[in-house]
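Subject: Handing over the structure

Hi there,

Here is the structure I promised to pass on to you. Please have it open while you read, and my notes on what turned up follow just below.

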Amino acid sequence: MLPATMERAMEPNTHLAIAARLCGTPRALREGSAEVELTTSEDMRADERGLVHGGFVFGLADYAAMLAINAPNVVLGSAETRFLAPVVVGETLLAVARVASTDGKKHHVDVQVSRGLDRVFEGSFVCFVPSKHVLEAAARKVGERS
(Lines give C-alpha, C1' and ligand atoms only; values in the text may rest on other atoms or scores of the structure.)
Protein backbone atom coordinates (compact mmCIF):
# COMPACT_ATOMS: atom_id res chain seq x y z
CA MET A 1 0.00 0.00 0.00
CA LEU A 2 1.24 3.49 -0.90
CA PRO A 3 1.65 6.27 1.63
CA ALA A 4 -1.21 8.79 1.62
CA THR A 5 1.21 11.49 0.42
CA MET A 6 2.16 9.59 -2.75
CA GLU A 7 0.68 10.66 -6.03
CA ARG A 8 -1.87 8.13 -7.25
CA ALA A 9 -0.62 8.09 -10.85
CA MET A 10 0.86 4.56 -10.65
CA GLU A 11 1.38 1.75 -8.17
CA PRO A 12 4.80 0.16 -7.54
CA ASN A 13 5.26 -3.04 -9.53
CA THR A 14 8.82 -3.89 -8.46
CA HIS A 15 10.84 -4.46 -5.29
CA LEU A 16 7.62 -4.85 -3.31
CA ALA A 17 9.31 -6.35 -0.23
CA ILE A 18 12.03 -3.69 0.12
CA ALA A 19 12.58 -2.13 3.56
CA ALA A 20 11.43 1.50 3.32
CA ARG A 21 13.46 2.43 6.42
CA LEU A 22 16.66 1.48 4.53
CA CYS A 23 15.87 2.37 0.90
CA GLY A 24 13.15 5.01 1.08
CA THR A 25 9.46 5.53 0.49
CA PRO A 26 8.01 6.28 -2.96
CA ARG A 27 6.55 9.79 -3.10
CA ALA A 28 5.76 10.09 -6.82
CA LEU A 29 5.57 7.43 -9.50
CA ARG A 30 4.82 8.15 -13.14
CA GLU A 31 5.64 6.46 -16.42
CA GLY A 32 9.44 6.68 -16.71
CA SER A 33 10.07 8.54 -13.47
CA ALA A 34 10.01 8.15 -9.72
CA GLU A 35 10.69 10.15 -6.58
CA VAL A 36 11.72 8.37 -3.38
CA GLU A 37 12.29 9.95 0.03
CA LEU A 38 14.55 8.62 2.78
CA THR A 39 15.19 10.02 6.24
CA THR A 40 18.56 8.72 7.36
CA SER A 41 18.73 6.90 10.69
CA GLU A 42 21.16 5.71 13.34
CA ASP A 43 21.29 2.31 11.57
CA MET A 44 23.07 4.08 8.69
CA ARG A 45 25.76 5.70 10.84
CA ALA A 46 29.34 5.02 9.74
CA ASP A 47 31.20 6.85 12.52
CA GLU A 48 30.94 8.78 15.76
CA ARG A 49 30.24 12.04 13.93
CA GLY A 50 27.04 10.74 12.32
CA LEU A 51 28.29 10.32 8.77
CA VAL A 52 25.88 8.13 6.79
CA HIS A 53 27.53 5.30 4.85
CA GLY A 54 27.34 5.98 1.11
CA GLY A 55 25.84 2.56 0.48
CA PHE A 56 22.53 3.80 1.89
CA VAL A 57 22.53 6.82 -0.42
CA PHE A 58 23.34 4.49 -3.33
CA GLY A 59 20.54 2.12 -2.23
CA LEU A 60 18.07 5.01 -2.28
CA ALA A 61 19.18 6.00 -5.79
CA ASP A 62 19.08 2.39 -7.01
CA TYR A 63 15.55 1.91 -5.64
CA ALA A 64 14.40 5.10 -7.38
CA ALA A 65 15.89 3.83 -10.66
CA MET A 66 14.07 0.52 -10.29
CA LEU A 67 10.77 2.33 -9.66
CA ALA A 68 11.26 4.60 -12.67
CA ILE A 69 11.26 1.45 -14.82
CA ASN A 70 8.68 -0.26 -12.58
CA ALA A 71 8.86 -3.73 -14.13
CA PRO A 72 8.55 -6.79 -11.83
CA ASN A 73 11.93 -8.27 -12.81
CA VAL A 74 14.09 -5.14 -13.20
CA VAL A 75 17.73 -5.53 -12.10
CA LEU A 76 20.77 -3.28 -11.99
CA GLY A 77 23.53 -4.04 -14.50
CA SER A 78 25.94 -1.19 -13.82
CA ALA A 79 26.16 2.34 -12.50
CA GLU A 80 28.36 5.40 -12.82
CA THR A 81 27.99 7.48 -9.69
CA ARG A 82 29.32 10.57 -7.98
CA PHE A 83 28.98 11.39 -4.30
CA LEU A 84 28.87 15.18 -4.14
CA ALA A 85 28.41 15.93 -0.43
CA PRO A 86 28.34 14.04 2.87
CA VAL A 87 25.06 13.02 4.48
CA VAL A 88 24.48 13.00 8.24
CA VAL A 89 22.10 10.93 10.37
CA GLY A 90 18.67 12.57 10.57
CA GLU A 91 18.75 14.29 7.19
CA THR A 92 15.96 13.70 4.67
CA LEU A 93 16.97 12.91 1.10
CA LEU A 94 14.93 12.90 -2.10
CA ALA A 95 15.94 10.77 -5.07
CA VAL A 96 14.54 11.74 -8.46
CA ALA A 97 14.94 9.14 -11.21
CA ARG A 98 14.12 9.49 -14.91
CA VAL A 99 14.44 6.92 -17.67
CA ALA A 100 16.74 8.58 -20.22
CA SER A 101 16.53 5.89 -22.89
CA THR A 102 15.36 2.35 -23.54
CA ASP A 103 16.74 -0.20 -25.98
CA GLY A 104 14.77 -3.44 -25.69
CA LYS A 105 15.39 -4.86 -22.22
CA LYS A 106 18.13 -2.29 -21.48
CA HIS A 107 17.19 0.96 -19.73
CA HIS A 108 19.37 3.97 -18.89
CA VAL A 109 18.16 5.86 -15.84
CA ASP A 110 19.53 9.14 -14.51
CA VAL A 111 19.18 9.69 -10.76
CA GLN A 112 19.82 12.73 -8.60
CA VAL A 113 19.66 12.70 -4.80
CA SER A 114 19.21 15.96 -2.96
CA ARG A 115 19.02 17.21 0.59
CA GLY A 116 16.80 20.25 0.22
CA LEU A 117 18.39 22.36 -2.52
CA ASP A 118 21.80 20.65 -2.20
CA ARG A 119 22.58 17.75 -4.51
CA VAL A 120 24.49 15.01 -2.64
CA PHE A 121 24.63 12.26 -5.29
CA GLU A 122 24.11 11.73 -8.99
CA GLY A 123 24.32 8.64 -11.10
CA SER A 124 23.61 6.98 -14.39
CA PHE A 125 22.20 3.47 -13.99
CA VAL A 126 21.99 0.74 -16.62
CA CYS A 127 19.15 -1.60 -15.77
CA PHE A 128 17.75 -4.68 -17.44
CA VAL A 129 14.30 -6.23 -17.50
CA PRO A 130 14.72 -10.00 -18.01
CA SER A 131 11.70 -12.10 -18.92
CA LYS A 132 12.13 -14.16 -15.73
CA HIS A 133 13.26 -13.36 -12.20
CA VAL A 134 17.08 -13.41 -11.99
CA LEU A 135 16.99 -16.16 -9.37
CA GLU A 136 15.03 -18.40 -11.73
CA ALA A 137 17.71 -17.98 -14.38
CA ALA A 138 20.49 -18.51 -11.79
CA ALA A 139 18.86 -21.72 -10.48
CA ARG A 140 18.58 -23.06 -14.03
CA LYS A 141 22.32 -22.41 -14.65
CA VAL A 142 23.29 -24.15 -11.40
CA GLY A 143 21.18 -27.16 -12.40
CA GLU A 144 22.89 -27.32 -15.80
CA ARG A 145 26.33 -27.47 -14.12
CA SER A 146 25.38 -30.29 -11.78
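This is a predicted model: local features need pLDDT of at least 70, side-chain atom pairs count only at pLDDT 80 or more; totals for chains, interfaces and linings use all residues.

Strands here are DSSP runs of E with at least two residues, helices are runs of H or I with at least four, and both are numbered from the N terminus. Two strands count as paired if DSSP finds at least two bridges between them.

Residues are numbered from 1 along each chain as its sequence is written, and side-chain values use heavy atoms, with hydrogens and water left out.

The overall picture

The protein chain has 3 helices and 6 strands, and from the N terminus on its elements run α-β-β-α-β-β-β-β-α. Of its 146 residues, 36% are buried; buried means under 20% relative accessible area, exposed means over 50%, and partly exposed lies in between (1.4 Å probe, protein chains only). Among contacts in the chain with a separation of 6 or more, 58% are between residues 24 or more positions apart. Contact means heavy atoms within 4.5 Å. The accessible surface is about 8,300 Å², with 53% of it belonging to carbon and sulfur atoms; the areas come from the Shrake-Rupley method with a 1.4 Å probe, and for residues only the protein chains shown count as cover.

Strand pairs and the helix across them

Strand S4 (residues 92–103) is joined to strand S5 (residues 106–115) by 9 bridges, and the two run antiparallel. Ala95 has Val113 in S5 as its bridge partner, and Thr102 stands opposite His107 in S5. S4 and S5 form a hairpin with 2 residues between them, and Gly104 in the turn has a positive phi of about 65°. S4 also pairs with S2, in the antiparallel sense over 7 bridges; here Glu35 stands opposite Val96 in S4.

The core

The largest nonpolar core has 32 residues, and Val109, Val111, Val113, Phe125 and Cys127 have the most contacts inside it. By nonpolar core I mean a set of buried Ala, Val, Leu, Ile, Met, Phe, Trp, Tyr and Cys residues joined through side-chain atoms within 4.5 Å. S2, H2, S4, S5 and S6 each give two or more residues to this core, and H2 gives the most, with 10 residues.

Leaving aside neighbours within four places in sequence, the contacts of Val113 include Val57, Leu60 and Ala61, along with Leu93 and Val120. Phe125 sits in strand S6 and is buried, with a relative accessible area of 0%. Not counting residues up to four places away in sequence, Phe125 touches, among others, Phe58, Ala65, Leu76, Val109 and Val111.

Backbone and cysteines

Which residues other than glycine have a positive phi? His15 is one of them, at about 50°, and Asn70 is another, at about 60°. His15 lies in the segment before helix H1 (20–23) and is partly exposed at 29% relative accessibility. Asn70 is in the loop between H2 and S3 and is buried, with a relative accessible area of 9%.

A search of the whole structure finds 0 disulfides, a disulfide being a pair of cysteine sulfur atoms within 2.5 Å. Cys23 is buried at 17% relative accessible area, and Cys127 is buried at 0%.

Best wishes
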